[in-house]
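Colleague: I have a few quick things to ask about this one. Can we go through them together?
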Amino acid sequence: MTLLNPEKVETGPLDPIKSKVVKMMLTSRMQIGEIHQKIACDSKLANYMDHCPEWLKSKDNNSKNWMDLDNKMTETIAVVRAIGAEWFLIPDDAANQEKCEQVEKILFSVMNTMVYLINKICFAPNSTECNNFDVEYARTRFMAKFQPKAKAIEDLLDGPFIMGDTLPVYADYLLYACLYDINVFCPGAYDKSAKLSDFMDKFYHYPSPIRRWFRTNEAKTGEYIRPPVPHIMELLPEELGQGDIH
């Protein structure tokens, strides 16, 4: 798969053992290797959606966030919270818990903007006029939306991480995964942000078991959450597929 050669990939409910974000976080918690990680997923993460935050829960079909086309951001936020709860990666104090939730909300918006642009605006499988993916157009549209969100994220980083120069918390892992995927889609997306660049560098080089993850082949290939190409071929209900993104 390349940016200029999109193909359909499997979508569906997130399977923790297949999630790159989950594998990264479990490795950092010394759950190393496929066997140990599968045990952790089966025993600790089977009900990860129980950790979905209130702000993200849809009360009914009308309140579902239709921008989250494949539900991957909803599921990913829930599973990183589940890992955080089990392996002590959730802040103890209310102020930092609130900051983590603010980061979640921004990333939810940013990543759904990306997937919506890629799959519904810059590529429309049901349209005879727009059935080719224009990656440069998609990148231009996305960057206009990303830049103010990047500034909002900067304001929540005490430096280099959300809680400052200390142990990364669950939302730091989520932030790393999202920025990694964004940079694959738009190379250099955050290069002009000293704070985000420093975050990515410090997270990658953090002196903890997470270094084991970054030495693996899995860490070097594929997306953490979503691919940077069209992959969602199902259509939104027509009345919900109109309008611009925010």
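Colleague: Asp68 and Arg226, are they buried or exposed?
Modeller: This is a predicted model. In it, Asp68 is buried, and Arg226 is buried as well.

Colleague: What do Asp68 and Arg226 form?
Modeller: A salt bridge, with the closest N and O atoms 2.6 Å apart. Asp68 sits in the loop between helix 2 (34-44) and helix 3 (72-86), while Arg226 is in the segment after helix 8 (210-214), so the pair ties together parts that are 158 residues apart in sequence.

Colleague: How many salt bridges are there in the whole structure?
Modeller: The search finds 14. One of them links Lys72 to Glu75, with 3.8 Å between the closest N and O atoms. Both residues lie in helix 3, about one turn of the helix apart.

Colleague: New topic, helix 7. Which residue does Lys202 meet in a salt bridge?
Modeller: Asp198, at 2.6 Å from N to O. Lys202 and Asp198 are 4 residues apart in helix 7.

Colleague: What is Phe199 in contact with, leaving aside neighbours within four places in sequence?
Modeller: Its contacts include Leu157, Phe161, Tyr176 and Leu179. The C-alpha atoms of Phe199 and Leu179 are 10.0 Å apart.

How values were computed
Residues numbered from 1 in each chain as written. Predicted model: local features only at pLDDT ≥ 70, side-chain atom pairs only at ≥ 80, totals over all residues. Heavy atoms only, no water. Contact = heavy atoms within 4.5 Å. Salt bridge = Lys/Arg side-chain N within 4 Å of Asp/Glu carboxyl O. Helix = DSSP H or I, 4+ residues; strand = E, 2+ residues; numbered from the N terminus. Buried < 20%, exposed > 50% of the residue type's maximum accessible area, 1.4 Å probe, protein only.
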